[in-house]
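Work through the exercises below with the sequence and the model in view. Each task is followed by a solution in steps.

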Amino acid sequence: MAKKNYDKMADQIMEQIGGKENIQFFTHCITRLRFQLKEKEHIDLDEIKKIAGVVGCQWSGDQLQVIIGQTVGDVYDTICKRFHLEEVIGTKKEEIKETGEKKKKTVKDIFSAVLDAISGCVIPLVPMFVGGGMIKVLSMVLTMTGVISGEGTTHYVLEFIGDAAFYFLPIAVAAMAAKKFEANMALAILLGGVLLHPNFISAVSEGTQLSLFRIPITGASYANQVLPSILIIWILSILEKNLKKILPSYLRAMGVPFLCTLIMAPVSLWILGPLGYIVGNYIVTGLVTFGNATGFLGVGIIAALYPLMVLTGMHSILMPYIIQSFATYGFEAIIGLGIFISNFGQGAASLAVGLKSKNPDTKATGISCFTTVILAGVTEPALYGVNLPKRSPLVASIIGNFVGGCIGGLFAVKTYAFPGGSSVFAMPCFIGGDGYNLIYACISIAAGMVVTFVLTWILGFKDDKAV
């Protein structure tokens with residue numbers, strides 16, 4: 001879409017969601033605008049889908065997701081500038097008037113809220129992970145090709161530049177969580193920094209038992225952790241709002257920061273930090289156990305299910321595991337390849353539709369969506385615009401993904417850097433290991449694409465009549 005059309009698109013989207021006044025929270029991920037709205041009863045998804053440049057639109061729990069594609073950042077910036085929005089909007093919850101009985105929270109609502117919280121705190125950090133991860137890949141490639149020495153200072157510096165993206169993760173997540181939960185960002189950064197203070201890190205590494213007010217502190221290593229910061233800043237946001245209500249106005253400027261720090265720092269070290277650490281490790285251990293228990297089938301299952309996870313918005317729950325796996329092991333062995341196979345499979349199905357269709361518009365759409373997947377790593381146009389509406393290409397891709405994933409599982413393919421997107425330009429993230437890892441990854445992805453393409457061709461689809 002041409003840059004000049006973003007203004008019209010922004011106006012139409014804002015009109016359909018009820019304007020600036022209806023926004024409670026607004027951010028974006030790699031391909032989607034994400035709105036938290038005060039009133040959602042009158043939102044017409046079909047009308048939003050008709051807007052030129054919008055690939056799809058759906059609810060994920062209470063979050064409205066408007067799927068744009070690779071230009072989502074430009075659309076997001078245009079909306080922010082035209083409607084004078086901050087990078088993330090937060091409206092005080094107490095200012096929102098409720099009418100009627102309060103809806104009882106279901107298990108589904110709670111699960112959706114957890115997914116929304118994780119995605120809101122982690123997804124904005126994707127550029128940081130990509131930058132750090134690809135620097136480490138560059139260091140690996142330069143060392144493998146003999147351009148630099150593995151014992152030299154250039155290698156040493158590149159490595160700690162790449163590691164910084166993961167080591168300081170608690171502070172970065174705390175900052176994003178402050179935006180998500182409407183907490184003070186400066187206080188959030190302070191509490192994230194408490195978990196990484198050199199004195200605390202040194203005491204943990206040396207096995208020194210620390211205590212605060214005679215209450216023991218768990219000696220956990222919070223570098224590379226995601227969940228501790230999310231839990232801490234969530235509670236901080238609640239405490240901060242209540243302190244502002246309780247304290248008189250003349251004491252708030254000093255009293256709120258002081259009491260938040262006095263209360264939250266100990267509680268973080270005593271309870272919230274260790275709790276997040278334990279849960280995070282259980283998630284990583286659980287997925288690693290799943291991979292070990294299922295063997296080569298594990299990657300196939302993930303690859304097959306991934307398109308359905310994208311459709312439901314559940315794919316964001318995998319993010320903390322992926323990040324922590326890279327930070328802990330230096331690679332990821334279950335999810336990364338599955339995502340590549342799944343995304344390239346959507347492109348293969350879309351290409352088959354484009355080549356087989358007799359409708360010029362469908363043909364052009366299918367081929368262009370394939371190009372978007374391969375070159376930009378953006379699958380939503382193919383998934384929502386071609387494969388899902390025609391059904392059988394989506395089924396074919398799920399089968400093809402499973403085949404490709406199983407092959408990758410047999411080869412034990414690993415991802416050595418956070419790719420950010422699943423395009424051909426992100427393939428260097430598979431460089432590492434015994435030197436054949438990248439070749440095995442290419443074989444697995446190609447196998448999944450071939451099976452998907454052939455099945456899409458054989459199963460056929462309802463072709464739109466040419467006008």
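**Exercise 1. The nonpolar patch**

Find which helices each supply at least two residues of the nonpolar patch.

Solution. Step 1: α12 (296-312) and α17 are the helices that each supply at least two residues; helices (H or I, at least four residues) and strands (E, at least two) are DSSP runs, numbered from the N terminus. Step 2: the patch covers about 660 Å² and consists of F296, L297, V395, I399, F402, V403, L410 and L459. Patch residues have over 30% relative accessible area and no salt bridge; like charges are joined within 9 Å and nonpolar side chains (Val, Leu, Ile, Met, Phe, Trp, Tyr) within 5 Å. The areas come from the Shrake-Rupley method with a 1.4 Å probe, and for residues only the protein chains shown count as cover. Step 3: α17 gives the largest share, 5 residues. Step 4: L297, in helix α12, has 33% relative accessibility and so counts as partly exposed. The classes are buried (under 20% relative accessible area), exposed (over 50%) and partly exposed in between, with a 1.4 Å probe and protein chains only.

The model is predicted: local features need pLDDT of at least 70 and side-chain atom pairs count only at pLDDT 80 or more, while totals for chains, interfaces and linings use all residues. Residues are numbered from 1 along each chain as its sequence is written, and side-chain values use heavy atoms, with hydrogens and water left out.

**Exercise 2. Salt bridges**

Work out which residues are linked with R82 in a network of salt bridges.

Solution. Step 1: a salt bridge is a side-chain nitrogen of Lys or Arg within 4 Å of a carboxyl oxygen of Asp or Glu, and the structure holds 6 of them. Step 2: R82 and D7 meet in one, at 3.6 Å from N to O. This pair links R82 in helix α3 (residues 72-82) with D7 in helix α1 (residues 6-16), 75 residues apart. Step 3: D11 also forms a salt bridge with R82, with the closest N and O atoms 2.8 Å apart. D11 lies in helix α1 and R82 in helix α3, so this pair ties together parts 71 residues apart in sequence. Step 4: D7, D11 and R82 therefore form the network.

**Exercise 3. Strand β4**

Is strand β4 (residues 63-67) largely enclosed or open, and why?

Solution. Step 1: 5 of its 5 residues are buried, so β4 is largely enclosed by the rest of the structure. Step 2: Q63, Q65 and I67 are buried on one side, L64 and V66 on the other. In a regular strand, side chains alternate between the two faces of the sheet. Step 3: β2 (residues 32-37) runs antiparallel to β4 and is joined to it by 5 bridges; two strands pair if DSSP finds at least two bridges between them. Step 4: β3 (residues 56-60) is also antiparallel to β4, with 5 bridges. Step 5: Q65 in β4 has R34 opposite, and Q58 stands opposite Q65 as well.

**Exercise 4. An aromatic pair**

Classify the pair F129 and F166 by its ring geometry.

Solution. Step 1: rings of Phe, Tyr and Trp (its six-membered ring) pair if their centres lie within 6.5 Å; planes under 30 degrees apart count as stacked, over 60 as edge-to-face and the rest as tilted. This rule gives 14 aromatic pairs. Step 2: the centres of F129 and F166 are 5.9 Å apart and the planes lie at 15°, so the pair is stacked. Step 3: F129 is in helix α5 (residues 126-144) and F166 in helix α6 (residues 153-167), 37 residues apart. Step 4: both are buried.
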